[in-house]
Number of protein chains: 2
Amino acid sequence: MEYVFSDKLSGMKPSAIREIFKSLSDPSIISFAAGNPSPLSFPTEAILKIAGEIFTEEPVRALQYSVTEGYGPLREDVKKRLADKFGIDREGDETIITAGGQQGIELACKVLCNEGDAVICEEPTFIGALNAFRSNGAKPVGVPLGDDGVDTEALENAVKNTPRAKMIYLIPTFHNPAGITSTLENRRRVLEIALKYNIPVFEDNPYGELRFAGEDVRTIKSMDRDGIVIYCSTFSKILSAGMRVGYVTAPADIIQKMVIAKQVEDVHTNIFFQMLCHRFIDEYDLDAHIAGIRKLYGQKCSLMLLELGKNLASDVKFTRPEGGLFIWCTLPARISQPDFVKEALNRKVAVVPGSTFCCDESAVSDSFRLNYSTPSDEDIVRGVSVLGEITKEGIA
Amino acid sequence: MEYVFSDKLSGMKPSAIREIFKSLSDPSIISFAAGNPSPLSFPTEAILKIAGEIFTEEPVRALQYSVTEGYGPLREDVKKRLADKFGIDREGDETIITAGGQQGIELACKVLCNEGDAVICEEPTFIGALNAFRSNGAKPVGVPLGDDGVDTEALENAVKNTPRAKMIYLIPTFHNPAGITSTLENRRRVLEIALKYNIPVFEDNPYGELRFAGEDVRTIKSMDRDGIVIYCSTFSKILSAGMRVGYVTAPADIIQKMVIAKQVEDVHTNIFFQMLCHRFIDEYDLDAHIAGIRKLYGQKCSLMLLELGKNLASDVKFTRPEGGLFIWCTLPARISQPDFVKEALNRKVAVVPGSTFCCDESAVSDSFRLNYSTPSDEDIVRGVSVLGEITKEGIA
């Protein structure tokens with residue numbers, strides 16, 4: 001029979017990345033397409049040990065229903081870490097645990113946007129955020145991203161000229177997909193604009209702990225005295241992505257609505273992994289663990305940058321990230337990006353086409369995204385060499 | 001500062017049950033208010049063992065990102081179980097794993113309803129479903145529930161007279177909160193109405209495995225030849241609620257949209273517990289485990305029914321469930337339900353007021369819900385005795 005779907009979902013297609021992810025079951029393909037943390041980043045032995053302890057010492061707590069806001073001791077851990085490491089400690093804010101950072105984005109959009117409203121975001125931006133907006137009937141409105149961060153003049157214009165804009169969504173640190181970190185000045189200006197137009201900023205910071213070069217830049221949230229910033233991060237990139245544990249810190253009024261919306265999405269985040277995160281933070285050295293991940297990603301990123309420099313045609317541009325998981329490559333006009341991505345896949349190298357990250361899905365982007373955290377060093381060398389060949393040959 | 005929330009969330013309050021759940025940290029209160037499975041229903045030793053095996057044998061799979069649809073082997077297990085035990089095996093249907101049954105309800109509403117649409121449901125019904133509808137801007141429209149199930153004449157009228165009705169939501173088996181199981185004739189009639197008006201039925205069956213008396217009644221889904229029924233259940237009541245693993249079986253077109261909506265809510269359900277469910281089904285005897293839970297709940301329900309019969313004033317009515325977790329009590333006109341619930345809490349016995357389960361939250365119900373799965377036998381005896389006293393004394 002014929003089904004009639006909601007307006008917000010009827011036009012939506014599965015995320016191209018998730019689809020690529022599924023197609024990567026072919027082991028002969030070198031994938032630079034994923035956004036996965038390295039399997040080497042999982043503290044497997046500690047997790048095995050903690051799991052044994054939890055299911056021995058507190059099995060009922062780990063298996064019974066729990067509260068929507070999240071496991072109290074973990075919420076306290078997160079608050080302390082945000083205060084100590086990120087300068088985030090505004091009075092009147094609260095912290096809840098979510099099903100990864102993804103749920104934080106979706107809940108914020110749900111509580112702030114009606115169908116037909118808009119969210120202002122960098123273009124390109126995270127596909128999971130774009131689809132979270134779309135699935136709530138909110139339209140993403142893109143603002144160009146420069147080397148210093150979002151173009152603040154364009155941002156102000158977008159806010160001014162989008163009467164139904166209800167939120168500004170940004171990834172200021174180690175941007176996905178662009179790999180850019182915005183400057184402190186840029187962040188200050190974003191905050192000024194948000195306050196001037198009274199529009200909440202969603203600061204998505206899933207990669208903030210993954211700096212391997214350069215100096216930390218203050219989070220926008222750490223400068224928020226007025227309660228206009230919603231801050232979101234996750235344990236996905238520092239402990240495990242599969243466990244789906246993230247968090248949001250925001251003004252209590254916003255958090256209260258997000259809790260109601262979360263309650264009907266999943267009742268609560270699985271409680272065992274919340275307890276596991278707490279025990280890891282309490283009993284192990286999370287900073288030392290993260291230092292290991294930073295070193296690994298720094299090495300992998302350096303290797304990929306080196307190979308890109310050696311192999312790509314000189315008219316191909318690419319970003320030089322100081323952390324995170326991604327490099328963003330921009331092709332010259334002589335090479336069609338869709339043809340390039342297709343030819344790369346023909347030669348068994350998967351990258352993500354830039355159009356995936358655009359507000360207008362039918363836009364043609366001249367860029368593509370590379371991930372360096374997942375592939376082996378050998379695959380980085382081999383795969384970039386293939387990409388380099390294509391940029392030099394051109395495409396028939 | 002002042003925040004402007006979406007229309008759908010701005011009027012919503014936290015679920016009364018979740019709030020009661022939080023207040024139950026007072027150990028002197030006897031709670032008949034929860035909807036929790038008994039801690040005795042968790043196969044703790046097996047879970048401890050399986051967790052050790054997974055984190056030793058397949059740690060990367062258990063900790064890495066996974067696919068939105070769910071873990072393949074578990075989806076196969078569910079399909080097989082649904083075919084073998086529930087007669088659900090329609091060609092063209094697909095099964096996905098969700099974050100408990102709760103997410104299944106929410107996703108179905110999201111993909112079928114625009115803001116301003118309506119969902120037809122039994123009244124009373126599950127508060128988590130009501131709030132899932134509201135959080136998507138869909139209005140719940142209640143149809144009375146009789147001893148045989150939903151009043152089908154009223155159901156047809158509601159469907160006819162609600163032009164924006166997009167879904168019929170029902171809990172035909174061991175209804176929450178009413179404890180009623182609808183008859184086969186009732187289910188057939190529901191299906192006829194759905195087909196006549198071309199409106200999908202959401203059959204929520206979280207308690208379907210928990211029968212301790214009487215005979216199974218065929219699921220509505222097992223009679224669905226046309227792909228008009230969305231079927232949802234969960235491992236919450238048979239393995240663990242805290243792990244948040246449920247599932248939905250529905251026509252592929254609907255499932256495809258639900259997968260897109262799920263992708264932006266949590267990317268996927270935590271993969272470790274999906275693997276754990278699969279290993280439990282594969283390596284242990286799930287049916288024997290469930291038989292133990294049924295026996296336990298059968299005993300607890302019998303005890304509570306016995307005590308209700310002995311203690312309540314004779315003009316108080318209550319249902320006699322053949323499975324599930326709940327008994328529904330209806331007070332005579334001489335006793336005000338809100339006063340009764342308040343006085344019970346004064347005397348340290350918590351029950352859930354019936355208005356919680358109404359489509360119109362401000363409705364005054366003459367009923368309240370009792371749970372027998374969580375309290376100890378001693379607490380059942382003591383608590384019902386307190387409730388009985390109040391019904392006999394009346395309220396000052």
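This note goes through the two chains of a predicted model, from overall size down to single residues.

1. Basis. Residues are numbered from 1 along each chain as its sequence is written, while chains are lettered from A and ligands numbered from 1 in the order in which they are written. Because the model is predicted, local features need pLDDT of at least 70 and side-chain atom pairs count only at pLDDT 80 or more, whereas totals for chains, interfaces and linings use all residues.

2. Chain A as a whole. The secondary structure of chain A comes to 14 helices and 14 strands; both are DSSP runs numbered from the N terminus, helices being H or I with at least four residues and strands E with at least two. The C-alpha atoms fill a box of roughly 60 × 55 × 50 Å along the principal axes. The radius of gyration of chain A is 21 Å, which agrees with the value near 21 Å for a compact globule of 396 residues; it is taken over C-alpha atoms, and the globule rule is 2.2 Å times the number of residues to the power 0.38.

3. Burial and contacts in chain A. Of the 396 residues in chain A, 59% are buried (20 or more other C-beta atoms within 10 Å of the residue's own; exposed means 12 or fewer, partly exposed in between, with C-beta atoms placed from the backbone). Among contacts in chain A between residues at least 6 apart in sequence, 77% join residues at least 24 apart; a contact means C-beta atoms, placed from the backbone, within 7 Å.

4. Domains of chain A. The assignment, which is automatic or from a database, gives domain 1 (7-43 + 288-393) and domain 2 (65-283). Their centres, taken over C-alpha atoms, are 24 Å apart. The contact takes 35 residues from each of domain 1 and domain 2 of chain A. On the domain 1 side, helix 1 (7-10), helix 2 (16-23), helix 12 (286-311) and strand 11 (326-330) each supply at least two residues. Helix 12 of chain A gives the most, with 7 residues. By class, that side has 20 nonpolar, 9 polar and 6 charged residues (Ala, Val, Leu, Ile, Met, Phe, Trp, Tyr, Cys and Pro count as nonpolar, Asp, Glu, Lys and Arg as charged, and the others, Gly among them, as polar).

5. Strand 9 of chain A. In strand 9 (residues 246-251), 6 of its 6 residues are buried. Strand 9 runs antiparallel to strand 2 (residues 93-98), with 6 bridges, and Asp93(A) has Pro251(A) as its bridge partner. Strand 8 (residues 229-234) is also antiparallel to strand 9, joined by 4 bridges; here Tyr231(A) is partnered with Thr249(A). Pairing requires at least two DSSP bridges between two strands.

6. Contact between the chains. On each side, 68 residues take part: 68 of chain B are in contact with 68 of chain A. Elements giving two or more residues on the chain B side include helix 3 (44-57), helix 6 and helix 11 (271-283). Helix 10 of chain B gives the most, with 10 residues. The chain B side divides into 35 nonpolar, 21 polar and 12 charged residues.

7. Helix 6 of chain B. Helix 6 (residues 100-112) has 13 residues and reaches 19 Å from first to last C-alpha, close to the 18 Å expected at 1.5 Å a residue; the expected span is 1.5 Å times one less than the number of residues. Since 13 of the 13 residues are buried, helix 6 of chain B is largely enclosed by the rest of the structure.

8. Leu387(B). Leu387(B) lies in helix 14 (residues 377-393) of chain B. Leu387(B) counts as buried because there are 26 C-beta neighbours inside 10 Å. Not counting residues up to four places away in sequence, Leu387(B) touches Asn311(B), Leu312(B), Ala344(B) and Val349(B). The C-alpha atoms of Leu387(B) and Leu308(B) are separated by 8.6 Å, although the two are 79 residues apart along the chain.

Definitions and conventions:
Contact = placed C-beta atoms within 7 Å.
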